[in-house]
Amino acid sequence: SQLALRQQCWHENTFLSVNFLSSADKNAQLVEYLGTYISPSSSLPSPSLLRVQPQPEADSEYFPWTHPPICTDILQSINDKLCVYTNSSFANNRGISIFTTPKLSTSFANLPAFQDPTAHADININSDMWITAELPGRGIGMTASRPLTFKDRITAYTPLFLAFMESELSTMEREKFWSTAIQRLPMEMHNMYLNLAKVYRIESVKYQDVVKANAFQVEVDGANHLALFPETSRFNHDCAPSAQYVIDPEFLTHTVHATRPIEKGEEITIAYTSPLTPTPERQSLLKSGFHFTCTCARCTNASKTDATFASMQTMQAALNDWSSTSKGSPQLAEQLLQMYRDEGLEGFMDVPYGFAALAWNAVGRADKALEYAALAKEAVLLKDWKGASGSLNIWEELLEDCRTHWSWNLRPARWV
Ligand SMILES: C[S@@+](CC[C@H](N)C(=O)[O-])C[C@H]1O[C@@H](n2cnc3c(N)ncnc32)[C@H](O)[C@@H]1O
């Protein structure tokens with residue numbers, strides 16, 4: 001029935017699992033009162049120069065952690081305590097500190113990131129593709145040190161710090177635990193952390209301040225954690241970014257790929273918030289989350305951007321309409337694809353590629369359907385990793401046998 005088909009129908013992802021967020025938001029007012037802090041400058045060490053760190057002792061009572069965990073009291077909101085777990089030799093002596101529950105610390109320790117000795121063989125290596133530069137009006141940013149092309153892997157790093165997302169601890173209490181977590185890391189990494197951008201620049205809450213300006217999110221065992229990747233933190237935002245990031249929650253890696261050609265010297269940007277939202281929404285998230293006003297091309301031409309966005313929404317609704325009066329067609333899907341490219345949304349092509357695969361399959365064109373399904377799958381993997389809720393399955397199913405897929409020949413009469 002139509003209802004069953006609609007339920008099966010593919011939906012756009014929300015970008016919640018990959019958006020920057022901050023647990024300090026609730027305490028922003030308090031934090032504002034605390035004074036001013038100007039961060040010291042220090043040079044960034046290459047992880048390969050890190051000194052050898054103490055290895056976790058297999059027979060220690062807190063293995064695989066190198067330091068005894070220190071814990072909060074039981075927090076009512078989670079009916080558990082949170083503790084600082086550090087492994088200072090994690091990922092070739094880079095180190096990692098995790099502020100989480102005892103149960104989740106075991107989940108972390110069981111991940112391939114900790115279990116597989118080869119997990120990070122080609123991770124945490126500074127590539128020859130980028131250098132940081134001071135950019136007018138936007139602090140430090142990443143620029144291409146040579147021409148880059150689609151899918152070039154620009155960065156790939158493990159996090160220094162992960163923190164369970166809670167809002168029960170007081171700001172000062174949280175600061176105490178987070179500062180311990182960072183101080184237990186190799187000194188070079190501690191310095192690198194403190195050198196990152198801050199929002200409030202307040203000495204007494206500087207560890208949270210860094211997270212406020214730089215955190216990504218990683219979900220482990222269903223629990224969201226803020227995650228701090230210091231090198232990656234230097235990417236500035238653009239609503240039509242030239243690169244896309246993907247977080248692998250099993251290997252605990254954050255990888256950034258180019259999504260279009262980037263010239264030598266050009267800034268490399270990512271999106272901190274979904275670019276597939278109206279301009280006022282993006283602007284307000286960037287303002288409240290990161291305290292800056294976005295002046296990218298899509299924001300400065302807001303009326304054109306939002307008119308285009310509204311058209312894209314209308315086209316997507318038509319393509320997602322499987323009733324007998326639907327205006328969805330391969331031609332409309334191809335038009336949508338071009339609009340995404342014209343908007344500079346090459347890092348978000350899973351949506352239009354997906355619609356194109358379905359629209360071509362619906363008119364019985366297996367060749368086109370398979371081509372676009374493969375592109376949709378690739379685009380999902382470039383941004384949502386394999387954990388993206390269902391969005392990978394649908395393309396894998398279609399690729400396996402498009403003729404038994406629910407969309408096969410669903411609109412043939414009108415569009416062939
Ligand atoms: C994750 S950091 C990016 C690196 C940062 N520019 C630095 O100096 O380390 C986020 C901060 O960079 C600045 N930023 C990022 N994108 C920006 C943009 N498009 N325009 C202005 N400032 C931006 C904001 O201050 C934001 O809070």
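Entry 1, the ligand shell. I asked which element gives the most residues to the shell around the ligand, and found that β5 does, with 3 residues. I keep in mind here that I am working from a predicted model. Listing the 20 residues around the ligand, I noted that G139, I140, A197, N236 and F290 come nearest. Besides β5 (139-144), the elements that supply two or more residues to this shell are α8 (206-214) and β10 (236-237).

Entry 2, the burial of β2. I next checked strand β2 (residues 83-87) and found that 5 of its 5 residues are buried, so the strand is largely enclosed by the rest of the structure. Since side chains in a regular strand alternate between the two faces of the sheet, I looked at each face separately. On one side I found C83, Y85 and N87, on the other V84 and T86, and with all of these buried, both faces of β2 are covered.

I looked up the pairing of β2 with strand β1 (residues 70-71), which is antiparallel and runs over 2 bridges; within it, C71 has C83 of β2 as its bridge partner. I also recorded that β2 pairs with strand β3 (residues 96-100), again in the antiparallel sense, over 5 bridges, and that F99 in β3 is the residue opposite V84.

Notes: Residues numbered from 1 in each chain as written. Predicted model: local features only at pLDDT ≥ 70, side-chain atom pairs only at ≥ 80, totals over all residues. Buried ≥ 20, exposed ≤ 12 C-beta atoms within 10 Å, placed from the backbone. Helix = DSSP H or I, 4+ residues; strand = E, 2+ residues; numbered from the N terminus. Pairing = 2+ DSSP bridges. Near = placed C-beta within 6 Å.
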